[in-house]
Amino acid sequence: MTWTDVYILRNEVLLTLLVLYHLIVDLTEGKDNGRLVNGTLFGFGLVTAVGFYPVETTSLFGQMFLSDPLRNTLKLILNISTFIILLQSASWLRKPENQPKTGAFYMLIFSTLMGMSFMISAGNFLMLYLGLETATLPLTLLAAFDKKLRRSAEAGIKLLMSSAVSSAVLLMGLSLLYGSYGTLYFSEMASLTDAQALSVFGLVLFVAGFGFKLSLVPFHLWTADVYEGSPLPVTMYFSVVSKGAALFTLMLVLYNVFTLYPKSWTLAAYLLSVTTMVVGNLFALRQKNLKRFLAFSSITQAGFMMLGFVNNDNLGMTTVVYFMMIYSLSNLAVFGVLSMVFNATGKENIEDFNGFYLTNPRLSLIMLLALFSLAGIPPVAGFFGKFFLFTAAAAKGLYILVFIAVINATISLYYYLLVVKAMFINKSEAPVATLTSTWQEKLAFTICLVGIAAIGFVSGVYDYIASLI
Amino acid sequence: MDYAYTLIILLLPLVTFLGLGLLSKRLPVALAGIIGTANLFIIAALSCATAFTYFTQEAGEAGFEAIEAYKITWLPLTDKLIIHLGILLDPLSVMMLVVITLVSAMVHLYSIGYMKGEKGYTRYFAFLSLFTFSMLGLVVATNIFQMYIFWELVGVSSYLLIGFYYQKPSAVAASKKAFIVTRFADLGFLVGILILSFNTGTFEFQTLTSLQGPVIGQASTAAFMGLSVTTWALLLIFMGGAGKSAMFPLHIWLPDAMEGPTPVSALIHAATMVVAGVYLVARLFPAYALSAPDALTVIMYVGSFTSLFAAVIACTQLDIKRVLAFSTLSQIGYMMVALGVSGYGGEAGLGYMASLFHLFTHAFFKALLFLGAGSVIHAVHSNLMTEMGGLRKSMPVTHLTFLVACLTIAGIPPLSGFFSKDEILVAAFEHNKLIFAVQWLVAGITAFYMFRLYFRIFWNQTPAYHHAPHESPVVMTVPLMFLAIASVVAGFVPFHDLVTSDNKPFETAFHWSIAGPSIAIAVIGILTAAWLYARPSLRPDAISKSLSGVYTAAYNKFYIDEIYLFITKSIIFQFISRPVAWFDRHIVDGTMNFIGNSTVAGSAAIKRMQSGHVQLYIWYFASGVLVLALLILYLN
Amino acid sequence: MNPLLFLILIPVLTVAGIALVKDLKQVRVISAVGMGAQLLFSFYLVYLFYSLRNAGNTDAMLLVSTSTWYEAFNIQYKFGIDGISLSMIVLTSLVTFAGVFASWQVDFLTKEFFISLIILASGVFGFFISLDLFTMFLFYEVAVIPMYLLIGIWGSGPKEYSAMKLTLMLMAGSALLLVGLLGIYFNSSPEGGRLTFDLTEIAKVSIPRDAQLFFFPFTFIGFGVLGALFPFHTWSPDGHASAPTAVSMLHAGVLMKLGGYGAFRVAMYLLPEGAHAMAWIFIILTTISVVYGAFGAIWQKDLKYINAYSSVSHCGLVLFALLMMNETATTGAILQMISHGLMTALFFALIGMIYGRTHTRMIDEMGGLMKVIPFLSVVYVIAGLASLGLPGLSGFVAEMTIFVGSFQNSDTFHRIATIVACSSIVITAVYILRVVGILLLGPIKNEHYNELKDAKWFEKVSTITLVISITAIGMAPFWLSALIREPLGDIIQHLIARL
Amino acid sequence: MNLQAEIPLDYMIILSILVFFIGLMGVLIRRNLITMLMGVELMLNAVNINFTAFNHYLFPHRLEGHFFALIVMAIAAAEAAVAIALIINIYRQFATVSVDDVDELKF
């Protein structure tokens with residue numbers, strides 16, 4: 001292994017170092033974790049910053065590990081999202097009951113991130129599976145991180161059981177694919193055009209496994225329970241980073257490996273997209289708990305993401321990545337506000353936000369913009385993301401699908417507006433007191449807001465992503 | 001001769017209206033009346049001068065030529081259909097100018113006295129000016145659309161003036177009724193214009209009535225339900241005219257319109273606006289006469305029926321203004337009949353000439369009657385003739401002028417009404433004997449009810465007045481006197497030399513064979529009225545009892561109002577509008593709400609899916625995978 | 001820099017200015033100044049437009065500027081105006097200006113109110129100057145969404161329900177629209193060139209007939225929802241009834257015009273064959289709108305409901321006239337948009353002012369207001385007369401142009417539709433006079449009303465601006481008509497050419 | 001001995017499918033969390049059978065399938081470790097390891 005190889009593996013290596021560091025530090029930890037938190041933020045900030053440094057298209061380990069600008073960017077998106085989550089979780093970690101577990105938290109987070117990083121860079125299904133499990137197992141622990149809370153424990157076990165089954169199904173799919181191709185290398189499989197029942201079945205199982213991660217209906221049922229039960233930073237991580245990694249990986253595999261017979265997976269995307277949007281919406285309508293609400297909202301958003309997959313051209317991939325990026329920032333902004341409120345008051349229901357604007361105008365505005373972005377209202381970025389996804393679907397002539405999607409977007413607007421209504425319109429006897437944000441939170445919100453506001457208007461972002469693909 | 005100055009006639013009232021309207025708060029109250037009246041006198045003088053110059057010019061081979069004194073493009077609609085605003089001077093419009101400005105000037109002058117001390121004095125004069133402007137604009141219109149524009153404006157000024165006492169619910173209701181009924185008629189007018197203009201490609205009267213024009217010269221052969229399209233168009237246009245002129249069955253607004261101040265009734269609802277329908281038909285007369293004779297027949301019957309119908313009702317009414325209102329209806333019916341029986345050109349156009357002649361004389365004597373009635377009301381503070389009587393002593397001027405007016409309308413020679421009515425009867429006699437008989441009878445009834453009115457007011461017994469009635473001030477009596485003189489002399493205007501169907505003079509002969517019976521029946525009417533009403537007696541009651549059914553029906557205006565009320569309240573409001581409102585709330589909106597609610601219901605219906613049992617989740621997962629796989633294998 | 005961008009820049013700067021100051025008075029003053037500047041600027045644009053025309057520039061669109069935005073989709077910032085959009089811009093600035101003054105007394109979250117209001121306005125301006133379907137759609141949504149907050153926060157009555165209903169229905173409309181736009185986009189280059197969102201470019205190609213038939217209803221209904229097309233109008237009564245004054249003004253006055261304008265500019269202009277094939281369906285629907293709205297208004301008791309139904313009727317006439325597809329009727333439709341915009345804004349302003357005094361909008365609870373608040377009452381009567389089509393006021397001009405124009409279609413179907421639509425002038429008279437009679441005239445019903453004060457200065461500014469505009473159009477319609485008519489010849493030619 | 005001759009691939013696959021579904025049924029039906037975990041292990045083992053069988057029968061010149069099976073085993077072990085930890089946690093909170101009782105988060 002040369003230094004060049006290390007450079008190619010930089011993200012994974014650095015993340016591993018962070019994991020190791022926290023393993024060691026955890027043994028020697030003092031009472032106050034302030035320095036540890038800030039230090040980690042700084043360190044991980046650096047790791048993220050390193051990601052901006054360009055890479056070339058290359059591979060390692062005999063094409064087991066691929067590295068190219070696109071994959072680098074995808075990792076970067078995940079890193080930035082994680083960075084924002086870490087910023088927003090700082091005050092949660094500073095709580096006395098969480099202080100002793102700081103190192104564990106960081107360690108778990110970085111291991112999953114590392115797993116995801118491998119997953120994205122995988123050039124072989126074995127590598128992909130390894131990355132996937134490296135990501136999944138710590139995640140189940142993270143879900144059960146509040147070990148004193150019943151709901152956290154429940155979230156953990158539910159995630160574990162269902163994800164174990166889903167991995168098994170996915171593995172079964174992989175084995176079938178292996179059986180029909182005789183290889184697990186992406187580059188080799190991509191050139192085989194064989195589309196017999198066995199491989200299609202394998203493909204479906206594979207998609208189902210990732211559909212579970214992405215919480216596509218009907219593979220989504222764990223989502224709401226786990227989101228609700230997990231600690232907020234973990235929920236954020238699930239809804240953005242974990243989902244993003246699964247989406248990117250699925251995308252890379254489908255577009256690069258199964259490129260020669262897109263019909264089966266675009267069809268799957270079509271069906272899953274419709275069910276996901278509809279069911280996600282119907283459930284989201286009736287939620288009172290904001291975390292649960294956001295869980296279903298993120299399910300619906302996943303349904304929208306599937307719209308990009310019905311387009312098996314570059315356009316589809318670009319719009320999916322673009323949308324995911326916008327979705328991450330918007331969702332994180334919403335979660336950021338929620339986590340501030342939750343940390344201060346322990347409240348997480350929509351009705352707790354009644355009269356929020358009068359006490360916290362800035363936070364309300366951030367939330368407003370973020371929700372509008374999620375709902376796809378211009379001029380914030382979400383509009384562009386959705387519009388381009390619809391364009392991608394329409395480019396294949398699937399106007400009925402687009403129509404279903406836009407109607408669902410309208411329904412989703414309804415429940416996003418319910419939150420807006422709570423904040424701006426409803427009156428409250430005892431509104432949430434005025435909150436002051438720490439520098440970490442300010443920084444996180446700034447990143448999110450700049451992203452939400454600028455990504456749409458600055459066409460360069462889209463063009464950059466398009467240029468990578 | 002350059003007639004461009006006639007623009008002043010048109011614009012001066014508009015300026016007055018705007019000035020009085022905008023500055024109403026800042027202007028001394030008394031000044032408003034003076035400004036308004038002064039303006040009217042100026043334009044009356046100008047109009048008379050115009051008439052003088054116009055009629056004294058040498059009539060050429062083609063008779064009096066129509067002159068477009070002024071014309072601007074107001075709104076081009078299509079390449080051909082362009083709305084111009086302009087001033088058209090021909091015998092008809094010049095005659096109308098004179099009538100309108102003179103009567104209006106008199107009414108203005110009279111109003112200074114009559115309206116003194118009323119709230120909204122300035123507003124009153126502003127509205128009067130607006131009306132004068134609109135009416136003048138209507139008569140000088142160069143094209144049918146300009147006429148429609150001013151037609152609507154006249155309608156709204158009438159609305160404003162009827163509702164002048166806006167705190168009185170009956171006045172408000174009356175103004176609303178007047179506007180809506182005429183508006184309904186205007187719908188016919190508008191559709192008529194649309195049809196006519198589409199088929200002819202023009203709005204211009206000059207083209208529409210030209211003998212070589214698209215209406216007459218190149219009559220369209222297209223037909224609808226047995227009548228030609230032109231006939232339909234002209235009938236619809238007549239509908240508009242019938243609305244404004246309160247022809248049966250669109251007459252119901254006019255009696256109620258008497259809620260307005262009396263001078264307004266004199267000006268708008270007697271002398272000028274209500275004859276707009278006659279004017280409209282006269283304006284398009286060549287088209288009616290030459291390409292839609294069927295429409296003329298309709299006009300004739302409508303006019304005749306209205307005149308009889310209204311005359312009968314007038315005999316029973318107690319409110320003096322309503323008597324006059326029904327009398328107006330009846331007289332306009334006469335004018336319509338005259339148009340209906342007329343032919344085009346020369347002798348055949350006798351009816352046309354007679355109609356406008358009657359319009360001319362009627363304007364003066366009916367205005368006089370109203371103003372006289374106003375003077376009486378002003379003195380007595382009541383509209384009901386049962387509360388009046390014996391006023392001839394205390395109000396000599398009013399009495400005398402009123403008597404002149406009554407004699408004029410009754411058709412006693414040599415007053416003007418005699419001449420004009422006589423011409424109409426002659427024309428009717430030549431055309432249709434039945435119509436003649438009806439009109440002859442109506443002449444008698446007219447004499448009867450007018451003198452019933454006269455005797456009840458000025459003779460009969462004197463009731464106990466709260467205040468002793470006294471003669472009205474000079475500003476009110478001067479117009480009375482002027483109009484009385486006008487009523488007397490107007491009959492000597494040689495109309496057949498001036499205003500004829502083809503603008504060429506023709507000779508008329510005097511027919512004693514017609515005039516004799518008509519004078520006779522008028523005298524009979526007067527004598528009957530005198531016998532019944534000159535002194536207090538029980539005879540009228542006895543008669544009304546013996547005719548109880550007819551009398552009650554006539555007293556209640558043959559229940560036409562009730563029929564309308566039924567149509568509007570029960571059909572439009574209850575039967576259409578209410579269901580529409582209900583439909584909108586419950587069906588259309590209900591559907592939208594239903595979509596929303598069913599989404600929510602769907603949400604509740606599938607909530608069991610998220611049961612909380614992880615094994616069920618896995619079950620869904622597994623079956624989802626299978627279904628998806630099978631679907632894809634199947635669809636592939 | 002393209003002067004048209006100032007139309008967006010001025011509102012944006014105004015919003016920024018409002019955001020920076022604290023004081024209530026300053027907020028109002030900045031809003032007023034900003035929108036005053038916008039009004040003046042739109043007049044300047046008229047001047048600029050004519051001076052360009054006089055200088056011999058005969059392009060269909062003037063002041064066009066293009067810059068690429070999203071290269072991948074060929075999306076451009078493309079702006080430009082012709083006579084139609086220019087007149088809509090002037091309308092918008094007039095109504096916005098009046099709206100700012102009409103909301104002078106908003107005292108709850110004033111700053112936020114004006115910010116939302118002006119954002120809404122800037123969306124409308126952006127829509128009218130856009131020549132690119134994407135930016136057009138973007139501005140369309142920008143204009144619609146602040147409505148939710150404006151109604152929800154500052155509204156009255158069942159405001160939350162109404163706001164939600166309005167927003168969702170309009171957004172559902174825009175969902176249809178989105179499908180239509182994408183359909184147009186993907187058919188914008190049948191010969192295989194570059195796809196484009198550019199309105200003027202798409203107009204040059206002929207979209208396949210099947211696609212036109214498929215996408216026309218999407219696009220037309222999409223815009224039609226905003227244009228209160230029956231049966232998609234039910235957001236209008238509730239929405240208007242709950243909205244605060246200025247919002248009703250802007251919404252009915254301007255926003256609903258987006259529907260008509262878009263239906264014409266996008267749906268009909270780009271899909272002429274679809275328009276021809278399906279016109280009959282929509283003519284029936286709009287004819288129903290016209291009559292139905294008017295009849296609906298008769299039965300209402302709430303002033304705002306009356307006006308909302310009246311808007312359904314009047315806006316129905318706009319779409320009705322557009323579907324007649326000839327120059328005169330289309331001119332009438334645009335005139336009607338402007339006329340209705342002005343007078344309905346005036347109505348809503350007055351209703352707000354009356355409500356502010358009497359605290360009720362039920363006509364049978366009021367009466368005899370003419371005596372106590374003569375200024376407002378007189379203006380109300382003027383608005384009413386404009387609404388029922390009195391000559392000399394704007395309504396007449398518009399309606400007559402429409403009727404004459406519609407009647408130029410010589411087949412029985414169009415004729416009958418026109419005559420039915422004409423009948424609305426009578427029904428309009430009925431409900432307008434009913435309101436005037438009950439509300440303003442008659443005896444005073446409530447003794448407290450004797451102490452009511454007449455219009456304050458800012459209310460006068462608001463109403464007089466609108467009254468002057470209404471009268472100016474009514475008295476001298478030829479210049480406006482000429483301005484609108486100028487580009488129409490070509491457009492109508494375009495519509496008919498592909499038959 | 002020639003395995004291929006005596007036991008065809010189909011048998012292997014049938015076995016694997018049987019095991020897989022037995023495992024799945026275990027997860028779906030058994031209420032004890034530990035037993036469910038065993039079901040998952042069975043499913044993973046079914047996959048392993050697949051991988052090794054495919055490798056051995058169809059693509060004997062490369063060893064990907066075998067390696068995959070090895071790694072799956074390792075991961076299954078890790079998963080079991082995590083699972084046990086979580087199940088203990090559940091037992092602490094709920095005083096049961098029956099999956100039916102862990103249903104507080106729902107709808």
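These legends walk through several close-up views of a predicted model. Residues are numbered from 1 along each chain as its sequence is written, while chains are lettered from A and ligands numbered from 1 in the order in which they are written. Because the model is predicted, local features need pLDDT of at least 70 and side-chain atom pairs count only at pLDDT 80 or more, whereas totals for chains, interfaces and linings use all residues.

**View 1. Chain C as a whole.**
Let's begin with chain C, which has 21 helices and two strands; helices (H or I, at least four residues) and strands (E, at least two) are DSSP runs, numbered from the N terminus. The radius of gyration of chain C is 21 Å, close to the 23 Å that the globule rule gives for 499 residues, so chain C is as compact as a globular protein of that length. That radius is taken over C-alpha atoms, and the globule rule is 2.2 Å times the number of residues to the power 0.38. The C-alpha trace of chain C spans about 75 × 55 × 45 Å along its principal axes. Of the 499 residues in chain C, 68% are buried; a residue is buried if 20 or more other C-beta atoms lie within 10 Å of its own, exposed if 12 or fewer, and partly exposed in between, with C-beta atoms placed from the backbone.

**View 2. Confidence along chain C.**
Here the topic is pLDDT, the predictor's confidence in each residue, from 0 to 100. Chain C averages a pLDDT of 88, and 100% of the residues score at least 70. Within chain C, helix H15 (residues 369-372) has the lowest confidence, at a mean of 83, and helix H3 (residues 83-102) has the highest, at 91.

Take a look at strand S1 (residues 62-70) and strand S2 (residues 75-81) of chain C, which pair in the antiparallel sense over six bridges. Two strands pair if DSSP finds at least two bridges between them. Ser67(C) stands opposite Tyr77(C) in S2(C). Four residues lie between the strands of this hairpin, where Asn74(C) takes a positive phi near 60 degrees.

Chain B has 25 helices and four strands, and its C-alpha trace spans about 115 × 65 × 55 Å along the principal axes. Buried residues account for 58% of the 636 residues of chain B. Helix H3 (residues 91-114) of chain B has 24 residues and reaches 34 Å from its first C-alpha to its last, close to the 34 Å expected at 1.5 Å a residue. The expected span is 1.5 Å times one less than the number of residues in the helix. H3(B) is mostly covered, with 24 of its 24 residues buried.

**View 3. Where chain B meets chain C.**
Five pairs of chains touch, and the most contacts among them are between chains B and C. Two residues are in contact if their C-beta atoms, placed from the backbone, lie within 7 Å. On this definition, 37 residues of chain B are in contact with 39 residues of chain C. Strand S1 (67-76), helix H5 (144-162), helix H6 (169-200) and helix H24 (560-605) of chain B each supply at least two residues of the side that touches chain C. H6(B) gives the largest share of that side, 13 residues. By class, the side of chain B that touches chain C has 25 nonpolar, six polar and six charged residues. Ala, Val, Leu, Ile, Met, Phe, Trp, Tyr, Cys and Pro count as nonpolar, Asp, Glu, Lys and Arg as charged, and the others, Gly among them, as polar.

**View 4. Gly23(D) in its helix.**
Gly23(D) sits in helix H2 (residues 9-29) of chain D. This glycine is buried, with 23 other C-beta atoms within 10 Å. Leaving aside neighbours within four places in sequence, Gly23(D) is in contact with Gly39(D), Val40(D), Leu42(D), Met43(D) and Ala46(D). Gly23(D) and Val40(D) are 17 residues apart in sequence and 5.9 Å apart in space, C-alpha to C-alpha.

**View 5. Phe283(A) and its partners.**
Phe283(A) belongs to helix H12 (residues 262-285) of chain A and counts as buried, with 27 C-beta neighbours inside 10 Å. Not counting residues up to four places away in sequence, Phe283(A) touches Phe296(A), Ser603(B) and Gln610(B).
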